[in-house]
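Keep the viewer at hand and follow the headings in order.

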Amino acid sequence: MKLTINGQSMNFSNRITHVEQLLHELDLKVKTVVVELNRHILTREEHGEAVLKDGDNLEIVHFVGGG
């Protein structure tokens, strides 16, 4: 499956069907990211329900603490 993430085209296995699985594959902690799927901002609860399709466009922003 081909996805565009933050403007970069990437290929993933077809076994990744939901946003939550994609975040796990990218090794991102679900509670520290904001995901926009095809111009729709998802709540954290929607990550497990949002189905990915070939050609989807995602913007993923994660927060990093520090000082």
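Let's start in the hairpin of β1 and β2, where 2 residues lie between the strands and Asn6 takes a positive phi near 50°. Asn6 sits in the loop that links β1 and β2. Most residues other than glycine have a negative phi. With a relative accessibility of 43%, Asn6 counts as partly exposed; that class lies between buried, under 20% relative accessible area, and exposed, over 50% (1.4 Å probe, protein chains only). Asn6 also touches Leu58, Glu59 and Ile60, leaving out residues up to four places away in sequence, where contact means heavy atoms within 4.5 Å.

The model is predicted, so local features need pLDDT of at least 70 and side-chain atom pairs count only at pLDDT 80 or more, while totals for chains, interfaces and linings use all residues. Residues are numbered from 1 along each chain as its sequence is written, and side-chain values use heavy atoms, with hydrogens and water left out.

## Overall layout

The chain has 1 helix and 5 strands, running β-β-α-β-β-β from the N terminus on. Its radius of gyration is 11 Å, close to the 11 Å that the globule rule gives for 67 residues, so the chain is as compact as a globular protein of that length. That radius is taken over C-alpha atoms, and the rule is 2.2 Å times the number of residues to the power 0.38. Helices (H or I, at least four residues) and strands (E, at least two) are DSSP runs, numbered from the N terminus.

Along its principal axes, the C-alpha trace spans about 40 × 25 × 20 Å. Of the 67 residues, 27% count as buried. The accessible surface comes to about 4,700 Å², and 49% of it belongs to carbon and sulfur atoms; areas come from the Shrake-Rupley method with a 1.4 Å probe, and for residues only the protein chains shown count as cover. Among contacts between residues at least 6 apart in sequence, 51% join residues at least 24 apart.

## The sheet

The 5 strands form an open sheet with mixed pairing, in the order β2-β1-β5-β3-β4. Its edge strands are β2 (8-11) and β4 (40-42), each pairing on one side only. On average, neighbouring strands are turned by 30° against each other, direction ignored; axes are lines fitted to C-alpha atoms, for helices over the stretch in contact, and angles run from 0 to 180 degrees between N-to-C directions. Two strands pair if DSSP finds at least two bridges between them.

Now follow the pairs. Strand β1 (residues 2-5) runs antiparallel to β2, joined by 4 bridges; here Leu3 has Met10 as its bridge partner, and Ile5 stands opposite Gln8. Towards β5, β1 pairs in the parallel sense over 2 bridges, with Thr4 opposite Asn57. β3 and β5 are antiparallel over 5 bridges, and Leu37 is partnered by Leu58 in β5. β3 and β4 are antiparallel too, over 3 bridges, and in β4 the bridge partner of Leu37 is His40.

Which residue in the turn between β3 and β4 has a positive phi? In this hairpin, with 2 residues between the strands, Asn38 has a positive phi of about 50°. Arg39, in the loop between β3 and β4, also has a positive phi, near 70°. Asn38 is partly exposed at 38% relative accessibility, whereas Arg39 is exposed, with a relative accessible area of 78%.

Leaving aside neighbours within four places in sequence, Leu52 is in contact with Met1, Leu3, Ile16, Thr17, His18, Val19, Leu22, Leu37 and Leu58.
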